[in-house]
Amino acid sequence: MKKEDFIVGKRALKLENIASDMVIVGGGLAGTCCAITAARLGVKVTLIQDRPVLGGNGSSEVRLWILGATSHMGNNNRWAREGGVVDEILVENLYRNPEGNPLILDTILIEKISLEPNIRLLLNTAAYDLNKKEDDQIESVLAFCSQNSTSYRLEAPLFVDSSGDGILGFLAGAAFRIGAESKDEFDEGFAPDQTYGELLGHSIYFYSKDTGKPVRYIPPSYANTEISKLPRFRSFNLKEHGCSLWWVEYGGRKDTIHDSEEIKWELWRIVYGIWDHIKNSGEYPDSGNLTLEWVGTIPGKRESRRFEGDYMLTQRDVVEQRRHPDAVSFGGWALDLHPADGVYGDKPGCTQWHSKGVYQIPYRTMYSKNIKNLFLGGRLISASHVAFGSSRVMATCAHNTQAVAVAASLCIQNNLLPSQLTNKKWMGVLQQKLIKAGQYIPNHSLLDEEDLVQKAIMNVSSEFQLESLPFDGYWQKLEFSMAQMIPILDGKIPSIQIKVKAEKSTVLYISLQISQKPENFTPEVILEKQEIHITGGESSYTFSFSSEIKDTQYVFVTLQSNDDLQVQCSKLRVTGLLTVFNKFNKSVATSSKQEPPNDIGIDAFEFWVPERRPFGQNLAFNLSEPLRIITKENLRNGFFRPTNQPNAWIADISDTNPTVQLSWPKEQEISHINLYFDTDSDHPMESTLMGHPESEIPFCVKSFRIKDDSGKVIHSENQNHQSIQSINLRKPIKTRTLSIEFEKKLDNVPVSLFGITCYHKP
Ligand SMILES: Cc1cc2nc3c(=O)[nH]c(=O)nc-3n(C[C@H](O)[C@H](O)[C@H](O)COP(=O)(O)OP(=O)(O)OC[C@H]3O[C@@H](n4cnc5c(N)ncnc54)[C@H](O)[C@@H]3O)c2cc1C
């Protein structure tokens, strides 16, 4: 037994001092992906999270689906899912959890962290104070865990604030902003005024379930039983759960930090009031067997402080897709602002304006301009209120903070502070390290002199000829205009033959369209138009275009909507080939053409969006000659996803055992090999609620083996579903050749690969 007598004065809490290379405050998706990325580079990380699980707004406590530039596949950002660790997490979540159970995502995040020996994770531990070593540098963070009654002093040379509200930046005295800039400050036509409001509010969600028998509901006394009078409530639909209830928003006129608990109470009043109305008003007869299964206890917070870095991202960066020498990440969600009155107002729940393509995010937005050893992560990076409307989504936050992690490893190794990396030399190093780890930086590729593949002679067992897609798929009614995206190196496109079924004689209007910027997928330039006179019944038609394509890019062969026509599609699914439709996804747009007011600095353009599998088959076609764009050389062009071209080697569809062979004139010592697979970066992989029809991406190779020049298998894999296989050989091998043999997984999908790199040293 332990017995303590009365003491004069007071007792002190148990104190633990922890020293590491970097302290990350906030284990949302940003902090979590930052910690994993840094730890894998040898950085000793302390990650503290004031709640019991990781993931922030993406966790089972709040239940938001993780999204980013793909924007639910509802804008023109093709192949825009974020790369690196956030991709690894989303792909794993799809594999284990295609149903979108938020609890499973929690376990994946915790597992990923627990597999990293360089991370010390402190859950249920809140940072509440800090010490400084100089006016402009943090020395240590003080934190407390009520579960183990322990206080912590966390010392490190570098800190990351990914706490959402910015507790570290605030306490350290860093410059920050709350609310909206004026239109003039950064020439932002979309900057809102006081009537719309300057801050986005919080939301709380609920889930309901059918119990199979009648369930009564007695609301708590604090429920707002007048809820049915709210203008937004009228649009409520019984099928809405979880993140579909994003519009249950409140608090944009409050102090979203210090009034947070008050906002939460109001949201509870609203949610229980909504449920009371559903169950007891008599207006929802189908609700009899429904019960409330879950209501959030922590509100999802959208906006509070934004800290000032050496650069502030603004509307024009997003809309004009401006390029930055220090680009390390990208965004692509719409500029998405919400009226501050939230559910108590009569305005639509959000205003979203998309840009024509993804935009770069510069490194200078990711550290404080005043506190020299403080990185900024997640939603609090240096962005104007308008640009924050886009950069705030979780996958973008995570992708940015992966760049912070790699920057931190460079700082630690070279005894530098974050702002000292902004010169050309260090930015080049940072960008290259990021791309190698799967980060996507628009308009940047891997240029790696140490990569032995660059010097190898490369042979492949076969190459897919982009000449025809068989006429074996479903018939697609031309209810919406449809376009087949075809990648062209340059010059003319060959003649195209398609199959059409017509109810009666009619005219099919065809056009050839491209994007102004070759890297975009907004086909705003019409190069040519044609008409084909179609007779009734099923027949083939051939047409050709005379336009010369100057830059390597996708052309859009568009077939105008016509209710009397169907076109035949193909079952063949090929990396980097897509059909898109001129329609819209109501989650992120209000019509198939974005038509902003003239004076707000946003572009008008049409949405051309793909359909999700099992739909979304390509148009079946024959070309008069093959296009030489899918070649083995793509394996070493340094791009690991389709950009202005597929960037993949694709084997012939009949090749059941495709092989890539690398050979060198002299024996090479090899200890590390990276393979970059196609996990369909066009797929948003929403993490929660919304199920997906597949748990593995059809294009992704599952089984492969690597052999040396004696035919010995030096590595094999039978269960791959990830985008990158990073293979560290237990013992370096000496060989003049490497043969990588792949197994074909599906009859209708040829094997494909974006890249191979290999190195003497890891
Ligand atoms: C209702 C709503 C709908 C949204 N819709 C989407 C969507 O559909 N898809 C999408 O991707 N994004 C969406 N967003 C935006 C997105 O959720 C946030 O911008 C994003 O979560 C920010 O990531 P973060 O890591 O910076 O912050 P958070 O996810 O908030 O994570 C920060 C973490 O830090 C912890 N923390 C805070 N203070 C401390 C402290 N003192 N000590 C230790 N830990 C601390 C918090 O507990 C939290 O877990 C939405 C937001 C809201 C609120």
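These legends accompany close-up views of a predicted model.

**View 1. Cavities in the predicted model.** Four cavities of 30 Å³ or more are found in the structure. The largest cavity has a volume of about 290 Å³, and the second largest cavity holds about 50 Å³ of space.

**View 2. Lining of the largest cavity.** This cavity, with a volume of about 290 Å³, is lined by 25 residues, of which Leu 578, Glu 611, Arg 613, Asp 680 and Phe 699 are the closest to its centre. Sorted by class, the lining of the largest cavity consists of 10 nonpolar, seven polar and eight charged residues.

**View 3. Lining of the second largest cavity.** The space here amounts to about 50 Å³. Pro 698, Phe 699, Cys 700 and Val 701 are among the lining residues of the second largest cavity. Also part of this lining are Lys 745, Leu 746, Val 749, Pro 750, Val 751 and Ser 752. By class, the lining of the second largest cavity comprises eight nonpolar residues, one polar residue and one charged residue.

**View 4. Side chains along strand β22.** Strand β22 covers residues 475–478, and its side chains alternate between two faces. Gln 476 and Leu 478 point to one face and are buried.

**View 5. Pairing of β22 with β29.** Strand β29 spans residues 562–570 and runs antiparallel to β22, to which four bridges join it. Within this pair, Gln 476 stands opposite Val 567 of β29.

Technical notes:
Residues are numbered from 1 along each chain as its sequence is written. This is a predicted model: local features need pLDDT of at least 70, side-chain atom pairs count only at pLDDT 80 or more; totals for chains, interfaces and linings use all residues. Side-chain values use heavy atoms; hydrogens and water are left out. On a 1 Å grid over the protein atoms alone, a cavity is a set of points where a 1.4 Å probe fits but cannot get out, and a pocket is an open set with protein on both sides within 12 Å along at least five of seven lines; lining residues have an atom within 4 Å of a point. Grid points are joined across faces, edges and corners, and a volume is the space filled by probe spheres set on the points. Ala, Val, Leu, Ile, Met, Phe, Trp, Tyr, Cys and Pro count as nonpolar, Asp, Glu, Lys and Arg as charged, and the others, Gly among them, as polar. Buried means under 20% relative accessible area, exposed over 50%, partly exposed in between (1.4 Å probe, protein chains only). Two strands pair if DSSP finds at least two bridges between them.
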